[in-house]
Amino acid sequence: MNDAAPETHDDAVERVLRSADARAGVSRFGGSDASSIQRAGLAGHDDDGFDGEQYDREARAALRRVGGLSTELEDVTEVEYRQLRLENVVLIGVYPQGSLEDAENSLRELAALAETAGARVLDGVLQRRPHPDPSTYLGRGKTEELRHVVAALGADTVVADTELAPSQRRALEDAVKVKVIDRTAVILDIFSQHAKSREGKAQVELAQLEYLLPRLRGWGESMSRQAGGQVGGAGAGMGSRGPGETKIELDRRRIHTRMARLRRQIVGMKPARDAKRANRKRNAVPSVAIAGYTNAGKSSLLNRITGAGVLVENALFATLDATVRRNTTADGRVYTIADTVGFVRNLPHQLVEAFRSTLEEVGDADLIVHVVDAAHPDPAQQIATVRDVIGEVGARDIPELVVFNKADLVTPEDRLVLQGLEPNAVFASARTGEGVAEVLAAIGRMLPDPAVEVDLLVPYERGDIVSALHETGRVLSTEYLEDGTRIRALASPEQAAQLEEFRVAALA
């Protein structure tokens with residue numbers, strides 16, 4: 001009987017992350033913690049009551065995975081209270097000479113992704129070689145070592161820190177005798193768990209099918225032919241007795257059909273979004289999009305600014321659906337601010353394509369608030385990753401405000417380093433409220449000003465015009481005269497055309 005205290009989550013992670021072996025060519029995790037998930041005491045973004053009701057939190061927490069439990073039900077009446085057995089995984093990665101630190105950071109991020117997906121990380125192995133082996137990803141000898149590690153730890157899954165080719169995945173599964181998946185599959189699984197809107201679910205399913213299509217694998221009878229000709233019951237006679245389709249070909253056809261249907265559904269949802277966006281543009285309402293790395297604190301910042309009540313959770317990709325809220329600048333101008341899906345290094349291209357409709361909020365914004373996790377060990381990599389995805393959606397020319405969030409977790413020396421990365425950045429903490437006023441002031445300065453100056457005399461019974469100019473334009477001066485309100489303001493060209501009859505020059 002082992003009387004040792006049970007291993008806690010942090011103990012397990014630290015055991016995984018410390019060096020376990022110094023054999024040439026193989027590196028187990030070592031060095032400082034670079035997980036993308038902040039540990040307890042560092043990420044309490046909801047302790048001050050400013051994050052709103054967060055009605056999604058109860059639903060997200062309704063079914064939790066715990067270790068050491070069977071997935072089989074002993075009593076059918078307990079079906080609503082069952083909990084799922086944690087999947088035990090071993091992580092693997094390959095890095096070239098001189099990039100060990102980047103490889104360890106990437107593998108720790110993969111560990112955070114696996115934990116978010118509901119797995120328990122038992123160990124991680126890195127191999128140094130110029131290029132991954134084209135057949136089994138790891139070299140032949142290291143693959144054999146991996147098989148022994150998996151058997152010794154009782155792992156049931158191996159996760160590779162890259163997107164594996166279908167042939168690599170099959171060969172590695174045959175060698176280690178357990179399921180093998182890659183980074184893309186883990187990210188898709190997280191998205192599948194967290195998508196809640198109809199559009200989000202359709203986008204995730206489309207990305208999953210695009211990923212699955214080239215990876216279908218036939219077994220036994222699945223590779224046999226379907227009967228053709230008269231044997232097939234069609235009675236078509238001579239000339240129709242072909243080999244027929246295999247089961248795997250039928251599966252591919254069904255997937256193609258389902259993907260076509262999903263694409264039509266997503267296209268059918270586009271007019272509603274376009275109508276809302278066109279309404280904002282018609283009313284000259286500027287838009288701000290919050291973009292950034294996953295778990296950088298985008299939703300927390302939105303909640304701190306607007307009280308939106310968006311779900312905030314210490315997990316990667318906690319929120320997927322765009323949330324748009326209204327806010328005002330210090331001088332009274334109205335603008336919209338949207339929280340968007342987070343990014344991660346090596347974001348699967350299937351997700352970039354499937355979530356292009358969601359990322360349109362970034363591409364159509366007047367200003368991008370780029371939120372960076374100041375406490376992350378590699379913020380420069382985060383910034384580069386986010387800017388790459390922003391470029392993919394055609395938003396590279398949009399003005400950008402960099403906000404280093406979680407500033408309460410960094411030292412003054414770290415701030416100097418971060419200031420060197422982005423001299424014009426603003427430091428803030430959505431948790432404590434530090435710097436949020438500076439963020440709002442910077443948004444007010446960087447929002448585009450209306451382009452046309454107007455000088456109007458507005459009758460007192462048309463107070464709606466004065467109110468609209470305060471909301472969507474910039475009021476320069478106001479004077480109350482006998483005939484009405486004399487107001488000088490900056491307005492959009494469309495708004496200025498609508499107010500032509502009230503121009504002072506036109507009335508003279």
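Modeller: Helices (H or I, at least four residues) and strands (E, at least two) are DSSP runs, numbered from the N terminus. This is a predicted model, in which local features need pLDDT of at least 70, side-chain atom pairs count only at pLDDT 80 or more, and totals for chains, interfaces and linings use all residues. Residues are numbered from 1 along each chain as its sequence is written, while side-chain values use heavy atoms, with hydrogens and water left out.

Biologist: What percentage of the residues of the protein count as buried?

Modeller: The protein has 17 helices and 16 strands. A residue is buried under 20% relative accessible area, exposed over 50%, and partly exposed in between (1.4 Å probe, protein chains only). Of the 508 residues, the share that counts as buried is 47%.

Biologist: Which residue of β10 is the bridge partner of Val324?

Modeller: β9 and β10 run antiparallel and are joined by six bridges. Within β10, the bridge partner of Val324 is Ala338.

Biologist: How many of the nine residues of helix α9 are buried?

Modeller: The buried residues of α9 are Lys298, Ser299, Ser300, Leu301, Leu302, Asn303 and Ile305. Their cover includes β8 (287-292), β9 (323-328), β10 (334-339), β11 (367-373) and α14 (436-446). Helix α9 (residues 298-306) is therefore largely enclosed by the rest of the structure, since the number of its nine residues that are buried is seven.

Biologist: Which residue just after α9 takes a positive phi?

Modeller: Most residues other than glycine have a negative phi. Just after α9, a positive phi of about 65° is taken by Gly307.

Biologist: Is Lys406 buried or exposed?

Modeller: Lys406 is found in the loop between β12 (400-405) and α13 (412-421). Although Lys406 is not a glycine, it has a positive phi of about 60°. At 4% relative accessibility, Lys406 counts as buried.

Biologist: Is Lys177 buried or exposed?

Modeller: Lys177 lies in the loop between α5 (166-176) and β7. Lys177 is not a glycine, yet its phi is positive, at about 70°. With 65% relative accessibility, Lys177 counts as exposed.

Biologist: In the open sheet of three strands, which strands stand at the edges?

Modeller: The order of this sheet is β14-β16-β15, with antiparallel pairing. Each edge strand has a single partner strand, so one side of it is left without a neighbour in the sheet; these strands are β14 (452-458) and β15 (474-480).

Biologist: What is the bridge partner of Asp455 in β16?

Modeller: Seven bridges join β14 to the antiparallel strand β16 (residues 485-491). Helix α15 (residues 463-472) lies across β14, β15 and β16, at about 35° to β16. In β16, the bridge partner of Asp455 is Arg488.

Biologist: Which element gives the most to the lining of the second largest pocket?

Modeller: On a 1 Å grid over the protein atoms alone, a pocket is an open set of points where a 1.4 Å probe fits, with protein on both sides within 12 Å along at least five of seven lines, and lining residues have an atom within 4 Å of a point. This pocket is lined by 23 residues, of which Glu87, Lys179, Ile181, Ala185 and Asp189 lie nearest its centre. The elements that give two or more residues include β4 (87-95), β7 (179-182) and α6 (183-194). With five residues, the element that gives the most is α6.

Biologist: In β5, what is the bridge partner of Glu87?

Modeller: Strand β5 (residues 119-128) is mostly covered, as eight of its 10 residues are buried. β4 and β5 pair in the parallel sense over nine bridges. The bridge partner of Glu87 in β5 is Ala119.

Notes:
Two strands pair if DSSP finds at least two bridges between them. Contact means heavy atoms within 4.5 Å. Axes are lines fitted to C-alpha atoms, for helices over the stretch in contact, and angles run from 0 to 180 degrees between N-to-C directions.
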